[in-house]
Amino acid sequence: MPPPARFRMGRTALLPVVVLAVCVVPTAAASPWLLLLLLVPVAVAAWVLRAGVDVGEDGVTARSLVGSRTVPWSETAGLRVGERGALWLVTTRGTEIRLPVLRSRDLPRLAAASGGRLEVPLPRPGSARPLSTRRRR
């Protein structure tokens, strides 16, 4: 098994958050109640830093802003690619867990990090191109 892998959003995603904070400051300075608007960039920055997926020997952990969920390998049935390229982890119970920050183009890296326990889903019948090379709309 390869060492544990962490999939996170790039730190460059914090740049728009800084721009948002700079734009909110003049409005927030107008009134004490509007200072609460500064919580929006703080919450977005926290999401950028926390959300992601960890793949290790114990299973797959999907982390969101307020919590996380670990699915052991024994309860993992496979992956599902959503309509817009979003990845969902399918459990043996039939539930699905959204894998934040991962898209269909990340399937090869995710499969390699799992040590062969997760396979890249085949394209749907009638699809001309593989899922990982489809253009965004």
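Arginine 80 is partly exposed in this predicted model, with a relative accessible area of 32%; buried denotes under 20% relative accessible area, exposed over 50%, and partly exposed the range in between (1.4 Å probe, protein chains only). Arginine 80 forms a salt bridge with glutamate 96, the closest N and O atoms being 2.9 Å apart, where a salt bridge is a side-chain nitrogen of Lys or Arg within 4 Å of a carboxyl oxygen of Asp or Glu. This pair links distant parts of the chain, with glutamate 96 in strand 7 and arginine 80 in strand 5, 16 residues apart. Glutamate 96 is likewise partly exposed, at a relative accessible area of 35%.

The numbering of residues starts from 1 along each chain as its sequence is written. As the model is predicted, local features need pLDDT of at least 70 and side-chain atom pairs count only at pLDDT 80 or more, whereas totals for chains, interfaces and linings use all residues; side-chain values use heavy atoms, with hydrogens and water left out.

By the salt-bridge rule, the count comes to 3. Arginine 8 pairs with aspartate 54 in one of these, with the closest N and O atoms 3.0 Å apart. Aspartate 54 counts as buried, at 14% relative accessibility, whereas arginine 63 counts as partly exposed, at 23%. Through shared partners, salt bridges join Arg8, Asp54 and Arg63 into one network.

Strand 6 (residues 86-91) and strand 7 run antiparallel and are joined by 4 bridges. Valine 90 has glutamate 96 in strand 7 as its bridge partner, while the bridge partner of tryptophan 88 in strand 7 is arginine 98. The hairpin of strand 6 and strand 7 has 4 residues between the strands, and glycine 94 takes a positive phi near 95 degrees there.

Overall, the secondary structure of the protein comes to 3 helices and 7 strands. Helices (H or I, at least four residues) and strands (E, at least two) are DSSP runs, numbered from the N terminus. The elements run β-α-α-β-β-β-β-β-β-α from the N terminus on. Of the 137 residues of the protein, 32% count as buried. Among contacts (heavy atoms within 4.5 Å) between residues at least 6 apart in sequence, 44% join residues at least 24 apart. The accessible surface of the protein comes to about 8,900 Å², of which 61% belongs to carbon and sulfur atoms, as computed by the Shrake-Rupley method with a 1.4 Å probe.

Conventions: Pairing = 2+ DSSP bridges.
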